[in-house]
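Please open the structure in your viewer and keep the selection tool at hand.

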Amino acid sequence: MSNVGFRIYTKIKRPPLEVVDAFLPYATPNIADNMGRAFCMDAGIKPVREDSKLVGVAFTVRSRVKDNLMVHKAIDMAQPGDVIVIDAQGDMSNSILGEIIVRYAARRGLRGFIVDGTIRDWLGIKELGFPVFSRGAVPSGPFKDGPGEINVPISCGGVVVNPGDIIVGDADGVVVIPPCDAEIVLKKTREIAQKEQLIFKQVEDLAWDRSWVDATLKEKGCEIIE
């Protein structure tokens, strides 16, 4: 009997939580701008609550469409600080998790869920305030038969997510940071956040240098007709 597609990997290499938590003050757009505007999940992956802030370590699940057996196993395996990231192939017909699962995950010290699919109990989850991102909500529940895989590379929101990646989510969406890039991305994000504050001040003083716009148009050969 082949176990391909029905596997669980118990060990992942997690970055130190102090490295992960260093991204907490920063917005996802500032992070994304320092990653070539890549590593961003698509616009369909949104938080249940717009004021959600999610920072943690990816604990990945590949589930069969309409099924959450491996999600249940992942919740029992994941450690405090982990974010369960679920590749449900974008299916919109059956929910992958609901309020009971979210309550249990929160009690165990997990930091959130990202579901490339749907959830249910939207209002109950919203009231809890626990960070959950998904493509939407639907009343129909999942099956619990498998197959599926845990702690393998997955696709979520159009981005490859590996176990141990750093996950940051907010009202704008979700970015994925490979741990090997964390130090340089964090450094550049701090710099761009400081630069942004300066621009805010220049805007208030009507002193924001806009000369680059005309310079770029001239370089492109744009014709301006009066």
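Two strands are taken as paired if DSSP finds at least two bridges between them. The model shown here is predicted.

Begin by selecting strand β10, residues 166-170, together with β11, residues 173-177. The two strands run antiparallel and are joined by five bridges. Within this pairing, Val168 has Val175 of β11 as its bridge partner.

Next, keep β11 alone. Five of its five residues are buried. In a regular strand, side chains alternate between the two faces of the sheet. In β11, Gly173, Val175 and Ile177 lie on one side and Val174 and Val176 on the other, and both faces are covered.

Now turn to the largest nonpolar core, which comprises 26 residues. Select Val61, Ile84, Ile86, Leu97, Phe113 and Val132, the residues with the most contacts inside this core. Two or more residues each come from β3 (54-63), α3 (69-77), β4 (82-95), α4 (99-107) and β5 (112-118). The greatest contribution is that of α3, with five residues.

Centre the view on Ile84: among the residues that Ile84 touches are Phe59, Val61, Ala74, Ile75 and Phe113.

Then select α3, where Met70, Val71, Ala74, Ile75 and Met77 are buried. These residues are on the same side of α3 because they cover an arc of only 165° around the axis. The buried residues of α3 pack against β1 (6-8), β3, β4, α4, β5 and β7 (148-150).

Finally, select Ala32, Val55, Leu186 and Ala193, which are included in a second, separate core of 17 residues.

Terms used. Residues numbered from 1 in each chain as written. Predicted model: local features only at pLDDT ≥ 70, side-chain atom pairs only at ≥ 80, totals over all residues. Heavy atoms only, no water. Core = buried A, V, L, I, M, F, W, Y, C linked by side-chain atoms within 4.5 Å. Buried < 20%, exposed > 50% of the residue type's maximum accessible area, 1.4 Å probe, protein only. Helix = DSSP H or I, 4+ residues; strand = E, 2+ residues; numbered from the N terminus. Contact = heavy atoms within 4.5 Å. Arc of directions from axis to C-beta. Lists of a residue's contacts leave out its neighbours within four places in sequence.
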